[in-house]
Amino acid sequence: MDDAIQIDNRGDFGLWAIEVAKQIVADQGFELARAARDGSEDDVRMAGNALGQAITNAMMEVFDGLTEDVSGE
């Protein structure tokens, strides 16, 4: 998610969303599953919150890119 990409159409956005979702599930989803298996309720809560934050960050990243285009015109 650190590399800048240009989203010019719905297809580009779909590809971006798929890649970001795969990365989030690989990172945060694994941590949530591990916490559910081996951790306490607090561990599960923290892992769930981290998953939610990763999703929020991804959505804000694309929103910020969209608003930069609008303000730059």
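**View 1. Contacts of V62.** Leaving out residues up to four places away in sequence, V62 touches I7, F13 and W16; contact means heavy atoms within 4.5 Å. The model is predicted: local features need pLDDT of at least 70 and side-chain atom pairs count only at pLDDT 80 or more, while totals for chains, interfaces and linings use all residues. Residues are numbered from 1 along each chain as its sequence is written, and side-chain values use heavy atoms, with hydrogens and water left out.

**View 2. The whole chain.** Helices (H or I, at least four residues) and strands (E, at least two) are DSSP runs, numbered from the N terminus. Of the 73 residues in the protein chain, 11% are buried. Buried means under 20% relative accessible area, exposed means over 50%, and partly exposed lies in between (1.4 Å probe, protein chains only). Among contacts between residues at least 6 apart in sequence, 44% join residues at least 24 apart.

**View 3. The largest nonpolar core.** This core has 6 residues: W16, V20, I24, A54, A58 and V62. Both α1 and α2 give two or more residues to this core. A nonpolar core is a set of buried Ala, Val, Leu, Ile, Met, Phe, Trp, Tyr and Cys residues joined through side-chain atoms within 4.5 Å.

**View 4. Helix α1 from its start.** Helix α1 covers residues 10–38. At its start, a side-chain oxygen of N9 comes to within 2.9 Å of the backbone nitrogen of G11. The buried residues of α1 are W16, V20, I24 and A35. At V25, α1 bends by about 30 degrees; the bend at a residue is the angle between axes fitted to the seven residues ending there and the seven starting there. How far apart are the end C-alpha atoms of α1? They are 40 Å apart, which agrees with the 42 Å that its 29 residues should span at 1.5 Å a residue. The expected span is 1.5 Å times one less than the number of residues in the helix.

**View 5. G29 in helix α1.** G29 lies in helix α1 and is partly exposed, with a relative accessible area of 23%. Apart from its neighbours within four places in sequence, G29 is in contact with I24 and L51. The C-alpha atoms of G29 and A50 are separated by 9.3 Å, although the two residues are 21 residues apart along the chain.

View 6. A search of the whole structure finds 4 salt bridges, each a side-chain nitrogen of Lys or Arg within 4 Å of a carboxyl oxygen of Asp or Glu. In one of them, the closest N and O atoms of E19 and K22 are 3.3 Å apart. E19 and K22 both lie in α1, 3 residues apart, about one turn of the helix. E19 is partly exposed at 46% relative accessible area. E31 and R34 also meet in a salt bridge, at 2.3 Å from N to O. This pair is likewise 3 residues apart in α1, or about one helical turn. E31 is partly exposed at 31%, and R34 is partly exposed at 38%.

View 7. R45 forms a salt bridge with D42, the closest N and O atoms being 2.5 Å apart. Where do R45 and D42 lie? Both are in helix α2 (residues 41–71), 3 residues apart, about one turn of the helix. R45 is partly exposed at 46% relative accessibility, and D42 is partly exposed at 47%.

How values were computed: Polar contact = N/O pair within 3.5 Å; in protein donor to acceptor, adjacent residues only side chain to side chain.
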